Amino acid sequence: MVQQAAAMQQAPVYLDANATEPLRPAARDAMLAGLDQVGNPASVHAAGRKARIMLEEARRQIAASFGREADSCVFTSGGTEADTLALHAFGHAEGRPILMGATEHDAIRRAVPEAGIIPVDGQGVIDRTALEEMLEAHEAPLVCIMAANNETGVHAPLREVAALCRRHGAFLHVDAVQAAGRMREQDDFLLALKDGSLEGASLALSAHKMGGPKGSGVLLLPEDRPLSPLLPGGGQERGRRGGTPALASHMGMAAALEESRRQDWNILAVLRDELEAVMVQAGAIIMGHGVARLPNTVSAVLPGVPAQMQLMALDIEGYCVSAGSACSSGKVSRSHVLEAMGQGEAAGQAIRVSLPWNVVADDVRAFGRAYGLMAQRFAERGLLKKTSSCGRSQ
Ligand code: PLP
């Protein structure tokens with residue numbers, strides 16, 4: 001009781017970075033400079049020109065980070081808008097059939113309910129044989145694949161996917177919202193960027209998943225090409241996205257991205273692996289274990305224990321984590337990602353722990369202990385089921 005009261009008095013420990021990363025100080029500084037700039041980037045007078053220079057510098061920085069020209073970068077209100085713009089411009093407006101991975105984010109899934117669904121295997125990796133068959137059956141489709149999954153962190157084999165799309169004349173759109181700010185040398189996303197595999201693809205990015213502000217994002221185009229806008233508005237962004245750009249937010253995004261590229265994500269991966277070992281010891285099964293994943297993400301099933309009960313127990317102990325999937329009402333639903341991975345009942349029993357860029361090792365270890373105690377309490381109540389899976393998804 002005393003311990004519980006003490007935990008509630010302390011600031012909660014934030015381990016939900018895939019929902020949103022804490023703001024990086026460099027992003028805040030950049031945003032303050034942007035907020036203090038009065039001009040509208042579209043105005044021709046001196047104040048407008050100044051704002052324009054700042055906006056164009058942010059655009060150049062972001063595009064260059066992905067090896068692209070500034071003109072290929074279209075600012076949006078976030079990842080959802082960037083994804084929706086890609087679906088609209090390269091799918092509907094160009095008359096292409098649309099195919100998407102079974103574990104895509106709702107930003108993609110819900111925008112095109114009638115899309116062809118490309119299955120994934122038990123670890124959440126895109127089934128390349130199925131993709132090839134679908135590419136053969138559809139003429140020049142738009143294929144949407146996420147670089148890394150928001151729930152499990154599982155990476156897509158992007159170089160292979162891009163090669164298949166090229167061979168079949170498909171247009172590839174990559175939802176890079178979770179991967180873009182957490183890149184490591186060995187990740188397929190970075191390797192695909194470096195070897196030119198993604199030259200013909202569009203990429204969706206979101207500032208707040210990199211330690212930038214919420215409400216800013218980018219659609220990176222394969223080249224400087226016109227596209228049918230979702231928001232024609234006043235023709236801003238060279239006619240590709242109307243509306244006065246959120247100067248301060250986009251400057252914050254550019255700064256956050258630059259910081260994220262400097263971070264050694266392998267340090268987080270070591271902490272994450274240590275935590276997973278503790279959670280497995282407590283009875284958890286790790287989803288996507290053994291395949292390439294984001295360095296900060298744990299998706300753990302506690303067999304027999306509904307995710308909502310785990311979240312509530314951990315919240316009382318002062319830890320902010322999330323369920324596999326939460327709808328906007330805050331109610332926990334079954335994870336479509338784990339369902340697509342064939343996890344059955346387990347789809348309602350997974351929580352996601354995602355370490356933020358500024359995570360403190362002691363907090364992660366304390367979380368591991370709290371998780372172990374929670375699992376023990378559920379075992380005593382007869383809820384937690386024992387498995388023979390050695391803690392790995394099958
Ligand atoms: N795509 C993925 C993979 C995401 O995880 C998210 C947000 O969680 C989005 C798209 C939507 O991004 P935003 O919140 O910037 O609209």
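In this predicted model, helix H3, which spans residues 46–65, and helix H9, which spans residues 247–262, approach each other so that their axes come within 9 Å and cross at roughly 30°. The crossing in which H3 passes H9 is left-handed. On the side of H3, the residues that take part in the contact are Ala51, Met54, Leu55, Ala58, Gln61, Ile62 and Ser65, and these meet Leu247, His250, Met251, Met253, Ala254, Leu257, Glu258 and Arg261 of H9. When the residues of this contact between H3 and H9 are sorted by class, 10 are nonpolar, three are polar and two are charged.

For lysine 209, a polar side-chain atom lies 2.6 Å from a ligand oxygen atom, while in glutamine 178 a side-chain N or O atom is found 2.8 Å from an oxygen atom of the ligand. In the case of histidine 105, the distance between an N or O atom of the side chain and an oxygen atom of the ligand is 3.3 Å. On its own the ligand has 400 Å² of accessible area, and the protein covers 86% of this area.

Methods
Residues numbered from 1 in each chain as written. Predicted model: local features only at pLDDT ≥ 70, side-chain atom pairs only at ≥ 80, totals over all residues. Heavy atoms only, no water. Polar contact = N/O pair within 3.5 Å; in protein donor to acceptor, adjacent residues only side chain to side chain. Areas by Shrake-Rupley, 256 points an atom, 1.4 Å probe, with all protein chains shown as cover. Axes fitted to C-alpha atoms, helices over the stretch in contact; angles between N-to-C directions. Helix = DSSP H or I, 4+ residues; strand = E, 2+ residues; numbered from the N terminus. Left-handed = near helix turned anticlockwise from the far one by under 90°. Contact = heavy atoms within 4.5 Å. Nonpolar A, V, L, I, M, F, W, Y, C, P; charged D, E, K, R; others polar.
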